[in-house]
Amino acid sequence: MPVSENNNTSQQQNPATNLLHTSLSENIFTIKEALGHSNDVIIREMIIDKLDCLAIAIINIDGISDKTVITDFILENLLFEIDNEPENTIDNINDYMKKQCLAVGDVKDLYDFTALFTSILNGETVIVIEGQSVAIATDTKSAKDRAVTEPQTESVIRGPRESFTETLRTNTALIRRKIKSPNLWIKSRVIGEVTQTDVAVMYINGIANDKIVQEVLDRLDKIKIDGVLETGYLEDFIQDSKFSIFPMVYNTERPDVIAGELLEGRIAILVDGTPLVLTVPVVFTSFLQAAEDYYQNWIISSLIRLLRFFGILLALIMPSLYVAITTFHQEMLPTPMLISIASQREGVPFPAVVEALIMEVAFEILREAGLRMPRTIGPAVSIVGTLVIGQAAVEAGVVSAVMVIIVSLTAICSFLFPSYGLSNTIRVLRFPLMILAAIFGLFGVMFGIMMIILHLCSLRSFGVPYMSPFGPLIVKDQKDAMVLFPRRKLFTRPRLVSQQNNVREQQYYEKRTKH
């Protein structure tokens, strides 16, 4: 059937807003024009003699649609069922195809080009029929994805060895395997005008705060961006404090960690195409807690947590303390230690703050180089580079040996944090503290620490204070903060995170009380 020039012009101007046509040739023309005649768009036109030479078109994208499913469960079934059907017995071809011919999991009707393009670009196969203004979309997405492997950045000695992949449905399935509850709900969103990225919001109904859930959905709905390629694209839009250097959204690649966060009343945000999952609201202590803490003896876990808190303090202030004490407060050191440090710095041409800045910057450069280089040579280059440069700098008299020790201990302490985001924050904050120490001594260090604490106390994540349960002080929540109480004592959820159903075994206790 010929297509008029006016129709062509209107379709080319804005085809995605038009309803489907009854003419098959017009629909095919619109699809080809909108997709730029791309060679990966497969359009298979067929004529069915049994239905008075009815013309149909089967459309899919090569590479993201499963060819085996299309051939075995759509084409063969379609031709076989119609050929074996008596003549003049098919009244509604759409219903007949959906109920008798298409042996695939999900089948739905499409009425406009917007839905049609979304289905095709998601890997679905669309069937367009002559004389019908309704198309049929079938689920033929290719199952090719990365296998579930061991986490790369959050390894544990004891615990599950599985991590998220880049496929959204695989990630939601990993969480559902751990939480087999009908109250585990998923709300879907599509974000990105160009990428059309699938985003899933997962939470446990009855445990998560309904107001926080709605706030998360509202903030996601307000995002106007051309593309979303990773969860980091969403963090800046949904977090409360846009200019804070501290991480305001928690991310992890471990399904067991997300399951634990959901059981505490938090909300998970999953993005198709990335193995990292976000959780909100977040508090400061979340970044110092590891999954393995809950899988081993509570006494050992408590000691390790205290070690992490001590490590974050050392990583933050150790270089600035060295600068302040050696520059202004030498009387605080024992005489033998003072003499030893003075003798080491005798040939160093730089003041202590310049010495510290040189070593810190050099170490950060080596650290970034080790991360960006290929895995086979990255660790070797960073370790060898650190040893060689440190020893050469001491022998050349550029820095003192004690400065190398200080920087090395600081770097080791920064690796204690389970969260890489918090580690980056501490790395950055070390530099202004060193500057304050060089100008005001210990008074500058204390002033810097006070400003950091005040800033932390002013932060909120979806209405939850960032420093809870320390500020405000919540005694019940101290059981899983700096230390970890035995599992039998952890019968309540964080009060400010989950403001309903705070008792973990509440339903069980209610049933037992009734009986």
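These are brief notes on a predicted model of one protein chain.

1. Basis. Local features need pLDDT of at least 70 and side-chain atom pairs pLDDT 80 or more, while totals for chains, interfaces and linings use all residues. Residues are numbered from 1 along the sequence as written, and side-chain values use heavy atoms, without hydrogens or water.

2. Overall build. The chain has 17 helices and 12 strands (DSSP runs: H or I of at least four residues, E of at least two, numbered from the N terminus). Of its 515 residues, 46% are buried (under 20% relative accessible area; exposed is over 50%, partly exposed in between; 1.4 Å probe, protein chains only).

3. Contacts. Take pairs at least 6 apart in sequence: 64% of their contacts join residues at least 24 apart (contact: heavy atoms within 4.5 Å).

4. Annotated segments. The unreviewed UniProt entry places "transmembrane region" at residues 306-328, 400-421 and 433-456; such annotations may be inferred rather than shown by experiment, and positions follow the numbering used here, with feature names shortened. Residues 306-328 are 96% helix and 0% strand, with end C-alpha atoms 31 Å apart. Residues 400-421 are 73% helix and 0% strand, with end C-alpha atoms 31 Å apart.

5. S423. This residue sits in helix α15, residues 420-440. S423 counts as buried because its relative accessibility is 2%. Beyond neighbours within four places in sequence, S423 contacts R367, S414 and F417.

6. I299. Helix α10, residues 298-327, holds I299. Its relative accessibility is 43%, so I299 counts as partly exposed.
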